[in-house]
Amino acid sequence: MTEPDWAPDDIDIDRPSASRIYDVWLGGSHNFEVDREIARQTELAWPDSIRYARANRAFLGRAVRFLAAQGIRQFLDIGSGIPTANNVHEVARRIDPDVRVVYVDIDPVAVAHSRAILRDDDRTAVLQADVRRPHDILDQVRRGALLDLDRPVALLLVALMHFIQDSDEPYESVTRLADSLPSGSYLVLTQGASGASPEADERVRELYRRTPTPLTPRNRAEIERFFTGFELVEPGLVNLPDWRPDPTVEVDDRFSGALIYAGVGRKP
Amino acid sequence: MTDAADGPGAASAGLDEIAQYWARLIARISYVPVRLDDLRQVLRGYAARLAGAGAGQVVARDVGAALVADGYTHTDAVQATIAALADRLPIGPAGVTDRAALLGGVAAGYARALRERTQSELESIIRAVLTARRSAEQARAASEARFEALFVSSASGICVVDLENRIVQANPALARMLDRPVAELDRRRLTGLSQPDHRAAVERALEDLHIRRRAHAELDAAFSRPDGGTVWLRLSLAPVRHDAMAHLVVTAQDDTERYHLQSALSHQALHDPLTNLPNRTLLLRRLDELAGGRQPDEHIGICYLDLDGFKTINDSFGHAAGDDVLRTVAGRLAECVAEPGWLAGRLGGDEFVIVAAAGTELDQLVRVAERVVSAVREPIPAAGHQLSVSVSIGVTDDRIPHSQPSDLMRAADIALYWAKAAGGDRYEIYDPNRHDAQALRSTLSSGLRSALQSGDFALRYQPIVRLADGVPIGAEVLLRWTHPEHGPIAPEIFIDLAEELGLIGQLGRWVLTRGCREAAGWYRELGDRAPFISVNLSARQLHDVGLADELLRTLDEVGLPAHQLQLELTESALLGPAQGPADALEALAEHGVRVAVDDFGTGYSNLAYLRRLPVRELKIAGSFIEGLAPGHPSTPADRQIVASVIALAHGLNLTVTAEGVETEEQAHLLRTMGCDHAQGWWFARPGDPEVINRMAGGRGGDQAGYSVDPVTTH
Ligand SMILES: C[S@@+](CC[C@H](N)C(=O)[O-])C[C@H]1O[C@@H](n2cnc3c(N)ncnc32)[C@H](O)[C@@H]1O
């Protein structure tokens with residue numbers, strides 16, 4: 001007997017959600033006043049919020065392009081959020097149209113929306129699942145048979161792990177997922193370490209406590225631990241904008257004072 | 001979004017410039033990373049359309065909408081566009097279009113497109129909310145339906161209890177287990193349904209969960225059914241997760257069968273299957289418990305029991321009879337040890353142990369030991385016979401505060417050994433100042449080997465007199481062993497030792513040869529007036545294949561006529577199923593050897609053997625004679641028995657010897673009852689062979705006047 005993770009009452013436009021707040025910063029309108037309110041309040045504490053969001057999104061695009069160039073054709077994107085511009089499958093398909101992507105999110109609204117958008121795409125799938133229950137994710141992935149877990153897969157945990165508290169054993173989850181992927185697979189991960197100031201960070205944490213997914217920032221060493229069993233590719237674990245920046249691309253991702261670590265690791 | 005109509009060459013250079021500037025402004029506010037070159041290309045197209053011949057409101061609005069479609073949804077994008085175009089956009093060849101109006105068209109197109117996009121995104125997210133809510137509801141309904149089905153049809157008992165441990169909801173399986181209708185369980189306290197002994201444990205487990213000391217608990221508890229029966233439930237408790245109401249869900253498995261099986265198994269594991277008494281494990285566990293839980297001044301008392309001569313019973317009557325004896329003894333033991341908190345069990349073989357309750361005083365322990373000794377003496381029906389059995393008991397009450405149960409057992413074992421050494425059929429109390437029995441035993445073992453050579457063994461002769469005239473007609477030979485250090489050793493001890501060491505055959509032969517040689521001396525001196533010699537023969541000796549030949553050869557060697565030898569056999573020795581001993585006896589009897597039944601009446605009730613075997617004489621055990629003294633509690637019965645034995649013997653043409661005659665009255669009584677012969681302290685104590693010689697030579701004389709050295713066994 002599995003209980004639904006989100007009770008219907010939780011699916012409420014009165015409760016802000018991380019995926020929709022993120023959508024606010026990416027210029028989307030898939031959000032409600034409660035979400036915009038948190039976004040605004042967060043911007044007060046972190047004036048660079050929009051830049052963080054964009055920089056994160058830009059990194060995701062660079063990482064996916066890099067992986068596609070390495071020959072990766074399968075992506076497991078956990079904490080995928082609400083589809084917006086430059087989704088993983090769109091970016092990757094510019095290199096190979098045959099790319100397969102499984103999107104996973106815990107937020108049922110993000111999932112429902114993703115399904116609506118991707119309804120006619122048979123090379124993508126959208127699962128509602130919780131990264132804290134990796135077995136469930138793997139089961140669903142295997143059942144869906146869209147990804148072949150015997151061949152390399154890129155596991156994307158982008159801007160996700162800071163939503164997982166230490167008591168929920170984030171490292172164990174990542175290890176479980178990683179263990180079921182073959183050598184040659186990749187882990188792509190970003191996670192926030194600190195924002196403008198300790199006070200500002202605390203304020204933001206407080207704001208996110210209103211969502212179902214409160215924040216847990218981690219320091220560099222703690223984030224690096226997620227890559228146990230992976231070899232970080234150049235330039236290693238760095239601040240978001242510094243990961244293989246694309247000089248030809250114009251993006252306003254220069255932010256100061258904040259540290260959001262990004263890294264890509266390869267499973268040997 | 002591509003260039004529809006590019007302007008003429010002159011304007012083109014201007015358009016590139018415009019696009020360059022425009023792109024820089026827009027890129028900065030772009031949500032999406034974009035290549036500046038790509039963006040410039042796109043924007044150049046838009047600028048060209050606006051500057052083109054067909055430019056007008058329609059085109060302007062198109063361009064505005066295209067900006068939204070390209071993702072420049074930040075409203076600053078309009079500002080940037082106007083800033084880039086206001087002063088630079090060339091007026092089209094038609095010249096009619098006002099620049100401001102054109103830019104107004106772009107802004108209007110942008111605004112409308114943005115509104116539409118915003119609206120459609122909002123609609124799509126609301127649709128997503130509705131879809132998500134619907135599927136969550138479906139999932140919940142499905143889950144509830146599953147839960148309902150699970151709850152109702154589960155074989156496990158399930159109930160939900162509130163903070164007060166009252167049952168809020170219970171399923172049919174639980175109702176079945178408790179044998180009550182579901183409705184009757186409603187609002188009942190779970191603790192109240194459990195049996196009193198288990199309430200505290202159930203309460204504690206529930207409490208632990210309520211106060212979140214634990215997230216999960218499991219326990220076994222007994223519950224009462226309305227019919228008075230008991231059901232054992234294995235309970236598993238957990239808090240209800242998504243409920244602010246602090247409920248607990250309890251699942252229950254009916255464990256009654258397994259519980260019974262387990263308790264049967266543990267009974268089996270802790271009890272001796274033959275006697276159903278507690279076994280060694282349980283006894284030792286009990287001792288450990290007592291040792292662990294006692295107060296400093298509390299003693300632990302135990303009795304260590306061992307049946308006397310149990311091996312002989314097994315040897316002569318078979319193991320089935322031996323088992324009967326053990327069962328009967330066990331039953332009597334259990335009756336004797338009825339005090340609460342005491343435990344009587346079987347250690348193994350013919351060894352039993354009684355463990356007294358904590359704080360028992362020594363005199364209580366001794367009373368129990370006395371009771372057991374006399375209870376065991378009562379004849380035991382086994383394999384169709386009435387066997388007489390006795391027990392030796394070592395008693396100890398431990399006054400050493402920190403001694404271990406094993407020390408206690410050793411002490412009791414030593415005392416038991418003393419009881420055996422003293423002849424059995426008694427108890428001895430352990431005294432730490434007495435010799436260590438184990439050491440004694442090993443000295444005796446080594447002593448026994450050399451004793452045969454060194455002449456530490458000696459024979460004593462107890463006259464058997466004719467009651468009619470007091471004439472000694474025979475002498476029973478008794479084996480004595482005087483250890484150089486330890487003095488006289490009880491026959492029970494050294495016979496056992498000799499058996500253990502494999503020396504019994506040798507010892508038996510030695511007794512026979514020595515006795516016969518002595519008797520031959522009497523015979524040479526006194527001729528037919530010489531007393532015969534009466535020698536005890538063990539069951540084992542009787543079973544020796546060469547017995548008859550060897551005996552006849554010995555008689556020949558020492559020069560003793562066969563009729564001057566009497567063999568005393570106990571009933572049990574006579575009664576083995578084997579034919580060999582009967583043949584041997586037959587052969588010996590034919591040569592004239594006398595066969596007497598020793599301790600007649602104490603062992604065997606089937607008298608058929610008297611017809612079958614060449615028996616000449618019955619010897620009545622001393623215990624019956626003891627009862628002949630007036631005032632003795634068993635006088636009437638014993639007199640009856642003795643009279644019957646005499647009548648029986650005479651009826652079969654056998655003679656009767658009374659053993660253990662100690663008083664004049666007894667002697668007198670036996671004479672009047674027609675008993676033929678007697679022996680005992682009243683007539684003479686066992687003495688040296690010369691005494692017999694003298695007595696027989698003198699004939700008659702004062703019966704009480706024989707002065708014979710008394711030989712004590714200790
Ligand atoms: C900030 S968004 C990141 C979206 C996308 N990965 C990106 O980086 O552009 C984080 C997403 O993680 C999701 N999320 C939070 N906790 C999650 C969990 N335990 N399991 C799966 N997804 C989770 C949120 O619902 C949200 O959509």
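This is a predicted model: local features need pLDDT of at least 70, side-chain atom pairs count only at pLDDT 80 or more; totals for chains, interfaces and linings use all residues.
Which residues in H18(B) meet residues in H20(B), and which residues do they meet there?

On the H18(B) side, the residues are B:Arg509, B:Leu512, B:Thr513, B:Cys516, B:Arg517, B:Ala520 and B:Arg524. Their partners in H20(B) are B:Glu550, B:Leu551, B:Thr554, B:Leu555 and B:Val558. As for the geometry, helix H18 of chain B covers residues 504–526 and helix H20 of chain B covers residues 547–558. The two pack at an angle of about 35°, and their axes lie 9 Å apart. The crossing of H18(B) past H20(B) is right-handed.

Let me turn to another helix of chain B, H12, which runs over residues 310–317. Its buried residues are B:Phe310, B:Ile313, B:Asn314, B:Ser316 and B:Phe317. What do the buried residues of H12(B) pack against? They pack against four elements of chain B: strand S7 (300–308), helix H13 (319–336), strand S11 (385–387) and helix H21 (571–574). After H12(B) comes B:Gly318, whose phi is positive, near 90°.

Two cysteines of chain B deserve a word. B:Cys303 has a relative accessible area of 0% and is therefore buried. B:Cys336 also counts as buried, because its relative accessibility of 8% is under the 20% cut-off. A disulfide is a covalent bond between the sulfur atoms of two cysteines.

I move now to the interface between the chains. The size of an interface is often given as the accessible area lost when the parts come together. Here, chain B and chain A bury about 2,800 Å² between them, with 63% of that area on carbon and sulfur atoms. Chain B contributes 32 residues to the contact, and chain A contributes 34 residues. Which three residues supply more of the area that chain B buries against chain A than any other three? They are B:Tyr31, B:Pro33 and B:Ile125, which supply 21% of that area.

Finally, chain A itself. This chain holds 9 helices and 9 strands. Of its 268 residues, 59% are buried. Among the contacts in chain A with a separation of 6 or more, 73% are between residues 24 or more positions apart.

Notes: Residues are numbered from 1 along each chain as its sequence is written. Chains are lettered from A and ligands numbered from 1 in the order in which they are written. Side-chain values use heavy atoms; hydrogens and water are left out. Buried means under 20% relative accessible area, exposed over 50%, partly exposed in between (1.4 Å probe, protein chains only). Contact means heavy atoms within 4.5 Å. Axes are lines fitted to C-alpha atoms, for helices over the stretch in contact, and angles run from 0 to 180 degrees between N-to-C directions. A crossing is left-handed if the near helix is turned anticlockwise from the far one by less than a right angle, and right-handed if clockwise. Buried area is the accessible area (1.4 Å probe) that two parts lose on being put together, summed over both.
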